[in-house]
Amino acid sequence: MEYKNFKEATIENKDLCSTIAMEECAELIQAISKAKRGKLDLDNISEEIADVLICIEWIIDIYNIDKLYIQEWRNRKEKRIVERLNKNDFK
């Protein structure tokens, strides 16, 4: 089957794309863990971030999530994180 665009291919293969998204998130976690241990591989961590960003777009398309709704959540979460960092509340 030939797909017309990225979104169509993603939605048509939602189970596979969902699985890949989980695997890519796990690979980013590993890259971050290595960096925390002083073994930063800038190319690797940049590649893993790019993979996760692509997967985020897949998930948005698969579940038809409004990007403005996500932005509202992001704004709330960023505010909460700053508040917690200011209180040193990440123990």
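Reader: Leaving aside neighbours within four places in sequence, which residues is Ala21 in contact with?

Author: This is a predicted model, in which local features need pLDDT of at least 70, side-chain atom pairs count only at pLDDT 80 or more, and totals for chains, interfaces and linings use all residues. Residues are numbered from 1 along each chain as its sequence is written, and side-chain values use heavy atoms, without hydrogens and water. Contact means heavy atoms within 4.5 Å. Once neighbours within four places in sequence are set aside, the contacts of Ala21 are Cys55, Trp58 and Ile59.

Reader: What span does helix 3 reach from its first C-alpha to its last?

Author: The expected span of a helix is 1.5 Å times one less than its number of residues. Helix 3 covers residues 42–62, which is 21 residues, with 30 Å expected. The computed reach is close to that value, at 30 Å.

Reader: Which residue caps the N-terminal end of helix 3?

Author: A polar contact is a pair of N or O atoms within 3.5 Å; within protein, one must be able to donate a hydrogen and the other to accept it, and residues adjacent in sequence count only if both atoms are side-chain atoms. At this end of helix 3, a side-chain oxygen lies 3.2 Å from the backbone nitrogen of Asp43, and the residue that supplies the oxygen is Asp41.

Reader: How many residues apart in sequence are the parts tied together by the pair of Phe6 and Trp58?

Author: Rings of Phe, Tyr and Trp (its six-membered ring) pair if their centres lie within 6.5 Å, with planes under 30 degrees apart counted as stacked, over 60 as edge-to-face and the rest as tilted. A search of the whole structure finds one aromatic pair; Phe6 and Trp58 form this tilted pair, at 6.4 Å centre to centre and 35 degrees between the planes. Phe6 is partly exposed at 44%, whereas Trp58 is buried at 13%. Because Phe6 lies in helix 1 and Trp58 in helix 3, the separation of the tied parts is 52 residues.

Notes. Helices (H or I, at least four residues) and strands (E, at least two) are DSSP runs, numbered from the N terminus. Buried means under 20% relative accessible area, exposed over 50%, partly exposed in between (1.4 Å probe, protein chains only).
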